[in-house]
Amino acid sequence: MKFAVIVFPGSNCDHDMYHAVKEILGEEVDLVWYQNSNLENYDGILLPGGFSYGDYLRSGAVAATSDVMNQVKVHATKGKPVLGVCNGFQILTEAGLLPGALMRNKKLSFMCHQEELLVENNETMFTSGYGKGEIVRFPIAHGEGNYYCDPETLSSLKANNQILFTYQNNPNGSVENIAGIINKEGNVLGMMPHPERAVEALLGSNDGLKLFQSIVKNWRESYYVTNA
Amino acid sequence: MRKVTVFITLKQGVLDPQGKQIQESLNALGYKEIQEARVGKYIELQVEDGPNLEARVREMCDKLLANPVIEDYHVDMGEAVHS
């Protein structure tokens, strides 16, 4: 399986994502500068964390208008996996690929520590390697991770089982403790916590590895079914 | 040319932690009459006059300047300045 890590000016978790996929997961991966983008030959798109365009205007707002995001939309409509972490999640909401918005943390401060998350839905291409209700530990590192959506959107997220991860101890004021959601089609995941920084015991947790392994396993199964 | 001003505010019902902090700080300074503070953005645009300008500015707000999920905006088209 071949991944692209999209690099915007101001991305700073791109190498963490690259390292997780290349060295730990052992799959093919390229760092793809947002301007030299041809995503046709990639199977999975990874939008890393950071501060694209200095978070000017709103986090992710400027990156969301870039041409590469149009290609990400095309990729997503083909049902291929897209994972946005932290700033990547902010970009996905700003681009309209996921509902809601990420606002300033309730206590206004930037937070950087490990959080316990509950796996709410394990019947997706991203979470099939986890047990339902499993508790995992991923680091968070954000100032604007306070997930907001209106009550109608929230009901729809619940009705379609789109909430994948919730915080055990809500650090930022997110509605319903939401830490990560998928689109209705189930192939675009956005989350504030960093699974790519939790792939080796040395990093304090390797709970994130199963997320990447799930993507690869499900992609292989669907690929072989489609091409059998 | 004209100077167009865009005011962006958080929707009613959307929590504004920054505004809340400002309210509390003003209260702490003795301004007990402050019941609420809401923080928004003010953007000045120098624009060449042209047809459908207001509609175009609104389109810019919808596409980039404001996030309709959490924000409202209003536009002041200003006055044309002839140079």
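Modeller: Let's go to N177(A), which is partly exposed in this predicted model, with a relative accessible area of 32%. It counts as partly exposed because 32% falls between the cut-offs of 20% for buried and 50% for exposed. You'll find N177(A) in the loop between strand 9 and strand 10 of chain A. Now check its backbone: N177(A) has a positive phi of about 60°, although it is not a glycine.

There's another asparagine to look at in the same way. N161(A) also isn't a glycine, and its phi is positive, at about 55°. This one sits in the loop between helix 5 (151-159) and strand 9 (163-167) of chain A. N161(A) counts as partly exposed too, with a relative accessibility of 49%.

N146(A) is buried, because its relative accessible area is 10% and the cut-off for buried is under 20%. What does its side chain meet? One of its polar atoms lies 3.3 Å from the backbone oxygen of N172(A). A polar atom of the N146(A) side chain also lies 3.4 Å from the backbone nitrogen of S174(A). Leaving out residues up to four places away in sequence, N146(A) touches a run of residues from A101(A), L102(A) and M103(A) to R104(A), N105(A) and K106(A), and also N172(A), G173(A) and S174(A).

Back to the loop we started from: N177(A) lies between strand 9 and strand 10 of chain A, so let's follow the chain onwards. As one pair to find on screen, I182(A) stands opposite L189(A) in strand 11. Together, strand 10 and strand 11 of chain A form a hairpin with 5 residues between them. In that turn, G186(A) has a positive phi of about 90°.

Strand 11 of chain A has another partner. It is joined by 4 bridges to strand 4 (residues 82-85) of chain A, and this time the strands run parallel. Here V82(A) stands opposite V188(A) in strand 11.

Which way do the side chains point? In a regular strand they alternate between the two faces of the sheet. For strand 11 (residues 188-191) of chain A, V188(A) and G190(A) are on one side, while L189(A) and M191(A) are on the other. All four are buried, so both faces of this strand are covered.

Finally, zoom out to where chain A meets chain B. The contact takes 13 residues from chain A and 16 residues from chain B. P17(B), L64(B) and V69(B) supply 39% of the area that chain B buries against chain A, more than any other three residues. The area buried between the two chains is about 1200 Å², and carbon and sulfur atoms give 69% of it. There are also 4 residue pairs in polar contact between the chains. On the side of chain B that touches chain A, the residues divide into 10 nonpolar, 3 polar and 3 charged. The count of salt bridges between the chains is 1, and you can find it where the side chains of E71(B) and R58(A) meet, at 3.7 Å from N to O. The elements of chain B that give two or more residues to this side are helix 1 (17-28), strand 2 (41-47) and helix 2 (53-65).

Terms used. Residues are numbered from 1 along each chain as its sequence is written. Chains are lettered from A and ligands numbered from 1 in the order in which they are written. This is a predicted model: local features need pLDDT of at least 70, side-chain atom pairs count only at pLDDT 80 or more; totals for chains, interfaces and linings use all residues. Side-chain values use heavy atoms; hydrogens and water are left out. Contact means heavy atoms within 4.5 Å. Buried area is the accessible area (1.4 Å probe) that two parts lose on being put together, summed over both. A salt bridge is a side-chain nitrogen of Lys or Arg within 4 Å of a carboxyl oxygen of Asp or Glu. A polar contact is a pair of N or O atoms within 3.5 Å; within protein, one must be able to donate a hydrogen and the other to accept it, and residues adjacent in sequence count only if both atoms are side-chain atoms. Ala, Val, Leu, Ile, Met, Phe, Trp, Tyr, Cys and Pro count as nonpolar, Asp, Glu, Lys and Arg as charged, and the others, Gly among them, as polar. Buried means under 20% relative accessible area, exposed over 50%, partly exposed in between (1.4 Å probe, protein chains only). Two strands pair if DSSP finds at least two bridges between them.
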